[in-house]
Amino acid sequence: MKIQNAWLKAMTAAALCMGLGGCGGNGDSVAGSAGTGSAINPSEVGSNSPATPSAYRVVVNSQNPDYAGVSRTFQAPACSQSAETPRAGGGVYSIHLTSASGYTIAFSVFEPKNFDCSKGNPLVFHGHGFGGSRETTPTGLLKRLVDNGIGVISIDQRGFGESTGSVRVLDPDFEGQDLLQILDWAEAHLDWLRYRNDKPVGNRQYNAVMGSTGGSYGGGYQLLIHNIDPWKRLDALTPDITWNDLRYSLNPGGAYGIKDFKPADGEVTPQGVVKTGWDALLAFGGEEGSIAPKVQAGNFQAVPSSGLDNLIRETLVRGVAANRFPAGALEFFRYHSASYFCDDEVAGTQSFLQGTLTPKYPQTKPDPVDILFSQGFRDSLFNFNEAWRNFQCYRNLVAANGGKGDVRLITHQNGHILPVSAYGQPVVGDLAEQGAQNGLNTIEFQRPAGPRACGDLSVDDADFAFLVSKLLTADESAAIAKQDTTGAFQTLAANQNKICVSMNDDVGQTKASAGAATWIPVDQFATHNAPAMKGGNTDSLLDPVTFKFDPQSDPTSAATSGVLGLLRDVPAPAAVPVYTPASDVALAGIATGTVSITPTVAQLSNPACTQILAGASQSPVGLLGVDPACDPIVFLGLGVYRNNAWRLIDDQPTAVRGFGTRHVELNGVAEHLKAGEKLAILVYGYSPQYPVSGSRDPLSPVVVVQGTLNLPIALFGGQ
């Protein structure tokens, strides 16, 4: 079956651009003169703990005593010459710097509508999604910030838009250095930038007042800046639908982030499965989003060095060929993740066929910082588990003086979603018969997204309220909150120690339905609805539930674990009922437990599996993923019986690989279960989210799957 290129591009773009800041505009902007800021290396790094708002002093950049006697080049003087008559604000211009690696760094500056030459104006950085580009005109959240006295810099990340160089997926040693250079430029060229003295670092007594926003890739860059910036300049972060560990995102199922992981007696080390659906789309989106803008702009000399970095291309080729990612590449992706800095797991070697990398940054815990995380429960690229891990990491950070950050978490029904599904009965013939226009629609990848809001609280409103309250003074923030009609300021203030859980899918809707969200206290959620640490168990309010799927006792719904999964009825899994609530409850969080995969009586596992798998991991292409009688793969999910059919909750299948018993953490979900509705463990032999990475084991077509799970149940309070 051939897929029309335009259709594939549109689907890829829609998937990659979901969420805040997914894709930026490509319009013309006012040209500004280029400049480079001088990076200043601190002699030491101090604490980044929050201070009492009334305890700090605020000054404008041009009056910052830290720079007395230091030559400063202000790009567009607004306050330097006359504090009484600043020039008009609201300007928009673009800057192109030369990075330390010799490539171009492009970004747009959106000046605040009005300059404050007494206290200065805060600055918020904005990042686009993977495959996208920067905004060149402030709209939406960015316009609200500008209109309320907060400047914005929207960035073309390395390789995308007008920035050149290869895309290394937010490598601290490449994209990270470019980002720090932009922060340095802002301090050297924006005389209206605000400073305050609540968090002195090194030999500076005043810290720049800066925040950040963006979703997906535009969320990852925020954590990267904070984790590596020696001056700790970001004061408030608002990352949406971003990752904690790219190993888990792209190759879920492994024992990631657990220090000195050793399986218990009788258990096996969990193995990852390449998420080929999203990995392929990200690869296409990365190449297209990087190379196409250069071609369209006539910048052909930048094309050979654009697109995905060759290390990433090698990883994808080897991953598809061997049906598993190389260990060295997994370490590479971990270095590009918050988990590298958050977790105590010892880092391994970043090795490739092309060579071995030595990372610039050691594993150092980040400083506390204020963060509002937001996450879509329907997101199938970076699922709720990633947001929970990020939330736990940054919430638990403690500064030397005992200070902690104000770290929040709200959820919604949007994110990385591919709405190419229909609850039909697909067979291979249907795909060819329907043709390029809608052939993929018969595969249940995901249903359309719902509101990007947690009940009545939209993510944009929450981000605006959070950034304003953290970057402006109490009086300034109160004045803006008084004029705000969304209620976001009041909602965040009233629920500081709670997590907003979006319960209703509201498929295809832009506004949440009544009772669509519930606020759960953080301590309760961390105890009963999710594991307190990686590799830990959820302490469910219910007794553990057990399940067993044996294809010999249920031959009509035998879940195949091999390539035959493509030929069977994909949307019809084997369903094993485990729970029926007597009253309405919230299934909200992460189910954990143990899962065992064993051969049926008619087949045996290969006694040489250990040697086969070891050889596959050492080979550049493994054994093409064909590990005879050693490599069953199944997909598990929580399902609800509704409208006379089983439905996978939140489109979240969890890959489980290999014979034996292992600890399992299912993808997080949230669902309002009504009294009498059946909850089941759904067992699939194939998932469209893993189109070419199901089991290729020809000798394990069917398996027995059983286990014990702790369900994340909470009382349903509504909003």
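Trainee: Which residue does the disulfide join to Cys79?

Mentor: Cys117, with the two sulfurs 2.2 Å apart. Keep in mind that this is a predicted model.

Trainee: Are Cys79 and Cys117 buried or exposed? And what is the angle about the S-S bond?

Mentor: Both Cys79 and Cys117 are buried. The angle is -80°, and the link is left-handed.

Trainee: How many disulfides does the structure hold?

Mentor: Three. Another one joins Cys342 to Cys393, at 2.0 Å from S to S. Here Cys342 belongs to helix α9 (residues 338-342) and Cys393 to helix α10 (residues 384-395), so parts 51 residues apart in sequence are tied together.

Trainee: Why is the disulfide of Cys342 and Cys393 called left-handed?

Mentor: Because the torsion about its S-S bond is about -80°. Cys342 and Cys393 are both buried as well.

Trainee: And which residues does the Cys454 disulfide involve?

Mentor: Cys454 and Cys500, again with an S to S distance of 2.0 Å. This pair links distant parts of the chain, 46 residues apart: Cys454 sits in strand β14 (residues 453-454) and Cys500 in strand β16 (residues 498-502). The link of Cys454 and Cys500 is left-handed, with -100° about the S-S bond. Cys454 is buried, and Cys500 is too.

Trainee: How many of the residues of α4 are buried?

Mentor: Twelve of the twelve, so α4 is largely enclosed by the rest of the structure. Among them are Gly218, Gly219 and Gly220, and also Tyr217, Tyr221 and His226.

Trainee: What about α12, how many of its residues are buried?

Mentor: Eleven of the 13, so α12 is also largely enclosed by the rest of the structure. The buried ones include Phe464, Phe466 and Leu467, along with Asp461, Asp463 and Lys470. As for length, α12 reaches 18 Å from its first C-alpha to its last, close to the 18 Å expected.

Trainee: At what angle do α2 and α12 cross?

Mentor: Roughly 30°. The axes of α2 (residues 140-147) and α12 (residues 459-471) come within 10 Å of each other.

Trainee: How would you describe the directions of α2 and α12, then?

Mentor: Angles under 35 degrees count as roughly parallel, and α2 and α12 are therefore roughly parallel to each other. The crossing of α2 past α12 is right-handed.

Trainee: Now the strands. Which ones make up the open sheet, and in what order?

Mentor: Four of them, in the order β18-β28-β21-β25, with antiparallel pairing. The edges are β18 (545-549) and β25 (660-665), each pairing on one side only. From one strand to the next, the twist averages 20°.

Trainee: How many bridges join β21 to β28?

Mentor: Eight, between β21 (residues 592-599) and β28 (residues 703-710), and these two run antiparallel. One to look up is Thr598, whose bridge partner in β28 is Val704.

Trainee: Last topic: which sides of β27 are covered?

Mentor: Both faces. Leu679, Ile681 and Val683 are buried on one side, and Ala680, Leu682 and Tyr684 are buried on the other. That's six of the six residues of β27 (residues 679-684), so the strand is largely enclosed by the rest of the structure.

Trainee: And what does β27 pair with?

Mentor: β19 (residues 574-579) is joined to β27 by five bridges, running antiparallel. There, Pro577 has Ala680 as its bridge partner. Strand β22 (residues 633-642) is joined to β27 by six bridges, also antiparallel.

Technical notes
Residues numbered from 1 in each chain as written. Predicted model: local features only at pLDDT ≥ 70, side-chain atom pairs only at ≥ 80, totals over all residues. Heavy atoms only, no water. Buried < 20%, exposed > 50% of the residue type's maximum accessible area, 1.4 Å probe, protein only. Helix = DSSP H or I, 4+ residues; strand = E, 2+ residues; numbered from the N terminus. Disulfide = S-S within 2.5 Å. Pairing = 2+ DSSP bridges. Axes fitted to C-alpha atoms, helices over the stretch in contact; angles between N-to-C directions. Parallel < 35°, antiparallel > 145°, perpendicular 65-115°, else oblique. Left-handed = near helix turned anticlockwise from the far one by under 90°. Expected span 1.5 Å × (residues − 1).
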